[in-house]
Amino acid sequence: MVTRRQFEILTGLITGAFGIAVIVSSIQVGSGWSSAGVESGTFPLLAGVLILGGSIVNLARAFVDPPALALRADELRRVALLFLPALAFVAAIPFAGLYVASVFYLLWALSVQRRMPYWRSGLIALVTVLTLYWLFEQAFEVELPHGWLGAALGF
Amino acid sequence: MENNVSELMQGFAIALTLPHLGLMVVGVLIGILVGVLPGLGAPNGVSLLLPLTFGMQPVSAIILLSSMYWGALFGGSVTSILFNIPGEPSSVATTFDGYPMARDGRATTALATAFGSAAFGALSGVVLITLLASWVASVALQFGPAEYFAVYFLAFSSFIGMGGARPSKTVVSLAIGFALAAVGIDTVSGNVRLTMGVDELVKGVSFVVAVMGLFGIGELMIAVEDEMKVKGVNSKVEWREVVRTIVHLPRHGWALLRSAAIGCWMGITPGGPTAASFMSYAIARRVSPRRDNFGRGEQEGIIAPETADHAAGTSALLPMLSLGIPGSATAAVMMGGLMIWGLNPGPMLFIEQKDFVWGLIASMYLGNVVSLVLVLLTVPIFAAMMRVPFFIIAPLIFIVITVGAYSVSNSYLDVLLMMGFGVLGFLFKKLDYPVAPLVLAMVIGDKAEDAFRQSMLLSNGSLGIFFSNGLVSTVMALGFAFLLLPLIARLWSRRRTALGRA
């Protein structure tokens with residue numbers, strides 16, 4: 001279970017931290033008026049100040065607003081069940097390559113998580129990978145990442 | 001005016017060729033698919049297709065992308081009406097009356113009403129562009145950097161003033177977009193900035209990657225939250241009923257005109273189609289003679305949001321073409337495409353790229369007709385597609401978005417950024433942060449900054465240049481007025497409640 005307040009605080013902290021990073025970085029570049037005109041850090045500095053200021057207001061409002069529920073426990077579970085395998089898939093790309101990672105991701109999402117028979121999920125995975133290969137590497141000549149595994153196997 | 005007509009005819013000569021008609025059909029079909037599938041919307045659909053257009057002629061590329069946009073706008077209404085699931089955020093308001101009507105066994109009437117009013121809305125938008133775009137561009141040709149900055153300022157402050165979200169949230173979203181636009185090499189001085197020590201970020205953060213994460217992953221995570229149970233109604237289309245409904249549509253002439261006007265206004269000022277459809281529905285519910293019937297399958301409850309949605313979607317291209325300021329998130333992505341293809345969006349297009357501009361405008365007339373026909377023909381097919389369970393569609397969409405993010409510049413870092421934007425998009429959507437300002441600021445942030453810095457060079461560092469003549473002062477003053485709008489509105493309502501109590 002997640003309340004709206006917790007979400008507001010999390011988001012406010014993320015945006016606020018980003019704002020601080022932008023401010024620090026723009027001051028390093030240099031901001032203000034110089035003989036060459038407006039310095040490169042000026043606009044980003046302004047943006048950073050706006051981000052930080054807005055985030056502080058949003059954080060403050062999070063404590064004032066009446067509490068509300070953002071995600072029920074079962075909704076949170078479903079979001080996690082979608083997001084975590086997806087994250088693992090993205091993390092696996094540099095090692096296994098996009099094609100192999102896609103196959104395992106689909107097998108996992110369809111058959112392990114949803115009990116689909118393996119022959120069906122396998123078929124879906126195969127069709128997906130072949131379509132991607134044909135569309136990108138053949139039709140549009142974009143090489144998708146083959147990963148460490150692909151390199152080891154000589155692709 | 002005659003000049004516009006002859007230019008438009010020239011445009012039709014470009015758009016009415018076999019390859020371009022083919023691109024329209026392909027674009028519209030992909031668009032309907034994108035519009036129908038939850039988790040894939042027009043902005044990220046257009047971004048997914050964008051890398052594939054890099055080798056094309058700009059006219060052909062924009063015809064493909066804009067046709068896809070029309071298809072997506074139409075497709076979003078199909079699922080709203082048949083399944084009570086809005087395929088696009090801008091068709092949420094269509095569910096209010098569209099689904100009850102379809103549930104009562106009048107699915108064909110609901111669909112035909114939606115498509116008919118959508119086509120009317122789109123047509124009003126295109127006519128507006130035909131009549132006004134080149135005039136606006138000719139005015140904008142007189143603009144110096146200060147005037148440009150003032151217009152950008154007006155666009156951004158109208159988001160804050162009229163966007164409807166909490167102003168502090170709009171500001172955060174806008175400013176994040178600005179900061180992201182600044183990452184990489186500063187085009188004026190050549191300095192590297194905001195890379196936070198990551199060398200690969202010197203090339204900047206691509207708005208395409210941001211859109212894919214913010215809209216794509218964010219929407220998938222929202223969609224999975226309430227595991228959708230598709231309870232579809234009969235999706236058979238009865239042609240006689242389609243014709244009867246469309247022939248009878250002019251009876252609602254007043255509602256059509258009012259909704260089209262709202263839509264055009266919201267499209268030109270960057271309010272976007274989503275806000276337009278909600279606003280149009282709310283106004284219709286207040287003023288319609290059949291207001292008591294709203295929410296129970298009232299035809300005007302479909303006409304109002306659909307007309308406004310499409311009018312806004314279409315007219316959002318007017319400021320993009322003539323000023324270089326996109327009126328919606330999808331228009332922002334298309335404008336980014338224009339820059340990648342080597343065109344400079346803005347008034348010079350009307351002089352240097354006449355074929356491109358008028359070819360696009362002509363294709364908008366044709367594309368909407370093509371969409372109307374194709375969407376009617378394919379409703380049963382796409383409705384059947386909705387019966388594929390979401391747990392199968394979700395990982396497939398995820399793979400497509402990942403590949404899309406990678407293919408923007410063959411970079412794995414982009415995939416990681418896309419994931420980060422996805423989490424941010426999910427949080428933003430949950431907490432009612434507007435996402436469109438972020439995308440808009442990412443696309444035109446650099447131009448706004450350039451305009452500001454050039455003005456300052458001209459004035460030798462004095463901010464007075466933004467109030468140096470009537471035009472620029474008026475636009476700046478309007479911008480400040482929009483910024484103050486939420487404050488005034490709050491004071492006003494407080495006073496009214498105080499008066500009401502007294």
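Residues are numbered from 1 along each chain as its sequence is written, and chains are lettered from A, with ligands numbered from 1, in the order in which they are written. Because the model is predicted, local features need a pLDDT of at least 70 and side-chain atom pairs count only at pLDDT 80 or more, whereas totals for chains, interfaces and linings use all residues.

The pLDDT is the predictor's confidence in each residue, from 0 to 100. Chain A averages 89, and 99% of its residues score at least 70. For chain B the mean is 86, with 96% of the residues at 70 or more. The elements named here are helices (DSSP runs of H or I, at least four residues) and strands (runs of E, at least two), numbered from the N terminus. Within chain B, the lowest mean, 82, belongs to helix α20 (residues 470-501), and the highest, 93, to α18(B). The model as a whole scores ipTM 0.93 and pTM 0.86.

Chain A has domain 1 (2-71) and domain 2 (78-153), with bounds that come from an automatic or database domain assignment. The centres of these two domains of chain A, taken over C-alpha atoms, are 37 Å apart.

The two chains meet in a contact that takes 53 residues from chain A and 46 residues from chain B; two residues are in contact if their C-beta atoms, placed from the backbone, lie within 7 Å. On the side of chain B that touches chain A, α7 (167-182), α8 (207-225), α17 (390-409), α18 (412-430) and α19 (436-459) each supply at least two residues. The largest share, eleven residues, comes from α17(B). By class, this side of chain B holds 31 nonpolar, six polar and nine charged residues. Here Ala, Val, Leu, Ile, Met, Phe, Trp, Tyr, Cys and Pro count as nonpolar, Asp, Glu, Lys and Arg as charged, and the others, Gly among them, as polar.

Two packed helices are described by the angle between their axes and the distance between the axes. Axes are lines fitted to C-alpha atoms, for helices over the stretch in contact, and angles run from 0 to 180 degrees between N-to-C directions. Helix α3 (residues 73-112) of chain A and α17(B) have axes that come within 9 Å and cross at roughly 30°. The two helices are therefore roughly parallel, a term for angles under 35 degrees, while angles over 145 count as roughly antiparallel. Their crossing is right-handed, which means that the near helix is turned clockwise from the far one by less than a right angle. Among the residues in this contact are L98(A) and Y105(A) of α3(A), and F398(B) and T402(B) of α17(B). The contact comprises 14 nonpolar, two polar and no charged residues.

The axes of helix α3 (residues 42-49) and helix α4 (residues 58-83) of chain B come within 10 Å and cross at roughly 150°, so α3(B) and α4(B) are roughly antiparallel. The crossing of α3(B) and α4(B) is right-handed. Their contact includes G45(B) of α3(B) and Y69(B) of α4(B), and its residues divide into nine nonpolar, one polar and no charged.

Helix α5 (residues 92-140) and helix α16 (residues 354-385) of chain B pack at about 175°, with axes 9 Å apart. That angle makes α5(B) roughly antiparallel to α16(B).

How values were computed. Parallel < 35°, antiparallel > 145°, perpendicular 65-115°, else oblique.
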